[in-house]
Amino acid sequence: MHQPIAVFDAGIGSYAIVAEIHKRLPKQDIVYFADRASFPYGSKGREELLAVMHRTLRFLEGYAPSAIVIASNAPSIMVLDDVRQSTLVPLFGVYPPIEEALAMSASGKVGIMGVHSLIESAPLKQFIARHAPHPENVSLINASSMVELVENGAFLFDPKATQKAVTTFIDGVFRQHPDIDTLTLSSTHLPWLRSFFEAARPSCQFLDPAESIVAGLGDGTPGTGQIQGLVTESETYDIETFRRMLQQFGVDIPLEVV
């Protein structure tokens, strides 16, 4: 591979970023690392998350990447500034598109959906304070249960039950926050459920930040356009389940257990 862009997360969510890079830069080589043994990043404390990020960056540096994308909101907001100084490779993170959401909102009330630790974190509240003129108009919504729906593959293998679960979740969100009209999908897992969210609440706008993230990568480094998949396993998340999930998307890439 020629100076690939490395993309990683603790699960299948980050493939949405890989697909967007491949679409925009078809000749770009990509290393796609699904660290399922570390799922979920969002449940880890700051020190544990730092250790995972440092370990992962050292590993991916072995592929001589031109850039590394931390395709997860939680570590991007909570520890990216800390780990950036530990590598010479340009690092990119994934952040809630707050300014875009507020610009699109008619009511001026928006919500950020993310995993529990992100929603509860002080760095996210600081991020909102920097990017929202009126932080009180930004609601924080724990969507960990929705992330789990994606990670265990339920949304692929049982769409009817998934729609029921998503509708129940969204109904609960709007009972608590009736004025919201725009929600950010602030976990790279959540865009996989976008059609379910839109079916549950057609009047709400759901924002996926993937396109703006990939645009920030520039022109890339042309290679052969290959995608190499790397996967860690756990008792809960094995490679064969992961392979079946990718196949459901029509994705057929080489996968190597690391």
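In strand E9 (residues 227-232), threonine 232 is the bridge partner of aspartate 35, and this pairing belongs to a set of six bridges that join E2 to E9 in the parallel sense. The model is predicted, with local features needing pLDDT of at least 70 and side-chain atom pairs counting only at pLDDT 80 or more, while totals for chains, interfaces and linings use all residues. Residues are numbered from 1 along each chain as its sequence is written, and side-chain values use heavy atoms, with hydrogens and water left out.

- Six of the six residues of strand E2 (residues 30-35) are buried (under 20% relative accessible area, with a 1.4 Å probe and protein chains only), so the strand is largely enclosed by the rest of the structure.
- In a regular strand the side chains alternate between the two faces of the sheet.
- Both faces of E2 are covered, with Ile30, Tyr32 and Ala34 buried on one side and Val31, Phe33 and Asp35 buried on the other.
- Strand E1 (residues 5-9) runs parallel to E2 and is joined to it by five bridges, and within E1 and E2 aspartate 9 stands opposite alanine 34.
- From E1 the chain passes through helix H1 (residues 15-24) to E2 in a right-handed β-α-β crossover, where right-handed means that, with the strands pointing away from the viewer, the path from the first strand over the helix to the second runs clockwise.

**Strand E7 and its partners**

- Strand E5 (residues 110-114) pairs with E7 in the parallel sense over four bridges, and methionine 113 stands opposite leucine 185.
- Strand E8 (residues 205-207) also pairs with E7 in the parallel sense, over three bridges, and leucine 207 is the bridge partner of threonine 184.
- A right-handed β-α-β unit is made by E7, helix H11 (residues 194-200) and E8.

**Aspartate 181**

- Aspartate 181 is found in the loop between helix H10 (159-176) and strand E7 (182-185).
- A polar atom of the aspartate 181 side chain lies 2.8 Å from the backbone nitrogen of alanine 106.

Conventions. Helices (H or I, at least four residues) and strands (E, at least two) are DSSP runs, numbered from the N terminus. A polar contact is a pair of N or O atoms within 3.5 Å; within protein, one must be able to donate a hydrogen and the other to accept it, and residues adjacent in sequence count only if both atoms are side-chain atoms. Buried means under 20% relative accessible area, exposed over 50%, partly exposed in between (1.4 Å probe, protein chains only). Two strands pair if DSSP finds at least two bridges between them.
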